[in-house]
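I opened this model to look up a few things and wrote them down as I went. My notes follow.

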Amino acid sequence: MLPDNKKIRLIISGLALIIVFSGGIVLGSHFSGGSRSGDVINKEVEQPVYLEKNADFRMFWQVWNMVKDKYYKQPVSETRLFYGALEGMVAALDNPYTVFFTPENAENFTKDLEGKFEGIGAEIGIRHDQLTVISPLPDSPAERAGLKIGDNILAIDALDTTGMSVEKAVSLIRGPAGTDVVLLIWREGAEEPFETRITRGAIDMVSVRWKMLPDGIAYIELMSFAEDTVDLFNRAVGDVTGAGAKGVILDLRGNSGGYLESAVDVASHWIGTQIITIERDSKGVETPFYGNNQGALADIPTVILMNQGTASGSEILAGALKDYGKATLVGKQSFGKGSVQEMENLKDGSAVKITVAEWLTPNHESFDEQGIVPDHEVELTDENYNNDEDPQMDKAMEIIKEVLVK
């Protein structure tokens, strides 16, 4: 169940850990979320004449009664019609991050934030109107089955995904450990689509991992901004500074977001108490979010690794460090999820997640739908992956070593 205090703010990555999220995430538990104004991306498009007329709610009840009385399979559940109407109303906004959750889905969504999941272990999102694999998690069923970043999911257990929301896809793909799901995949360069059978598993996601590399360079991998991220990251910072780290490589590849407060706290280690990000709502009102510590890593040369799966909270972090000149960005352009969702729970346990604002970097740059461009674009190909090569990591090491020599 969602908290009883009505609303929580989400920076939703728009991605969804299939293991997991019913809509990928970045949560601001303090009601601050950030990022896009409900339909801040409103674009002027021509619409049918009938949409310009005032709504006639008599038609709603006419259709309601028609379905109740004439549908050939009786009795018709009024409750099912009711929830269907709510879901359809929210879906009519045609925004992939604005969703109505039934009580069951709302509860699942909240549980997903705890970091323990059963599913295939991949992040998905909508790219060019197509359900797409953003990133398989390391050592997950999805990775072991061979899913790749950028794979298009054409069907789930033979159900066509055209026009399907991320939340709907998640509900079909997730399931108990030990059960199978069959995905129809289209991959760039492949001659034709192919099926992949994946056995779901239990996934315990560790959000922070680190190790010391040669020459005093600390490597910190940040998988998400979960409930435990701040504590784990604080410990990691204490350990790497205690070990005398001369440089830091922060790996945000495949990080689709999480709690807003976690993203702000992590950025504070470089930026201190300055502005980390700015929320701009549909009326143009801007709300800054400030860091909250002394910036223990502020003077340590840092390189951020990023890719197409770097989204939402990790884009807030990367954008802030780039604006302040605290990090060099290496890899591929990020996903471009700079919108904020507000989630309001209803009295029956259902909930509505609605886009209400957009995130800006400290320099007032929007990254929604366009992503953040790295300072050094470096490809990581399938061939590199299969040969255990990481040219992005190699470039990061090269940059830091050059700085340390000066």
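This is a predicted model: local features need pLDDT of at least 70, side-chain atom pairs count only at pLDDT 80 or more; totals for chains, interfaces and linings use all residues.

**The sheet**

I then looked up the two strands. Strand β18 covers residues 302-306, strand β19 covers residues 328-331, and the two pair in the parallel sense over four bridges.

Next I traced the sheet. It is open, has six strands and runs in the order β13-β14-β15-β18-β19-β22. The pairing is mixed. Which strands stand at the edges? I found β13 and β22 (376-377) there. Each has a single partner strand, so one side of each is left without a neighbour in the sheet.

I also checked what lies across these strands. Helix α10 lies across β13, β14, β15 (247-251), β18, β19 and β22. I noted an angle of about 165° between α10 and β18.

**Helix α8**

How many of the 11 residues of α8 are buried? I noted nine, so this helix (residues 313-323) is largely enclosed by the rest of the structure. I listed the buried ones: Gly313, Ser314, Glu315, Ile316, Leu317, Ala318, Gly319, Ala320 and Leu321. Glycine 325 follows α8. I read its phi as positive, near 70°.

**The second largest pocket**

I turned to the space in the second largest pocket and noted about 1,400 Å³. The lining of this pocket has 46 residues. Which lie nearest its centre? I wrote down Ile149, Asn307, Gln308, Leu380 and Tyr385.

I sorted the lining residues by type and got 15 nonpolar, 13 polar and 18 charged. Then I looked up where they come from. β6 (122-127), β7 (130-136), β13 (208-213), β14 (217-222), α9 (382-386) and α10 (391-405) each supply at least two lining residues. The largest share is from β7, with six residues. I noted that α10, a supplier of lining residues here, is also the helix that lies across the sheet strands listed above.

**Serine 282**

My last stop was a loop residue. Serine 282 sits between β16 (275-281) and β17 (286-290). Is serine 282 buried or exposed? I have it as exposed, because its relative accessible area is 58% and the cut-off for exposed is over 50%.

Note on methods
Residues are numbered from 1 along each chain as its sequence is written. Side-chain values use heavy atoms; hydrogens and water are left out. On a 1 Å grid over the protein atoms alone, a cavity is a set of points where a 1.4 Å probe fits but cannot get out, and a pocket is an open set with protein on both sides within 12 Å along at least five of seven lines; lining residues have an atom within 4 Å of a point. Grid points are joined across faces, edges and corners, and a volume is the space filled by probe spheres set on the points. Ala, Val, Leu, Ile, Met, Phe, Trp, Tyr, Cys and Pro count as nonpolar, Asp, Glu, Lys and Arg as charged, and the others, Gly among them, as polar. Buried means under 20% relative accessible area, exposed over 50%, partly exposed in between (1.4 Å probe, protein chains only). Two strands pair if DSSP finds at least two bridges between them. Contact means heavy atoms within 4.5 Å. Axes are lines fitted to C-alpha atoms, for helices over the stretch in contact, and angles run from 0 to 180 degrees between N-to-C directions.
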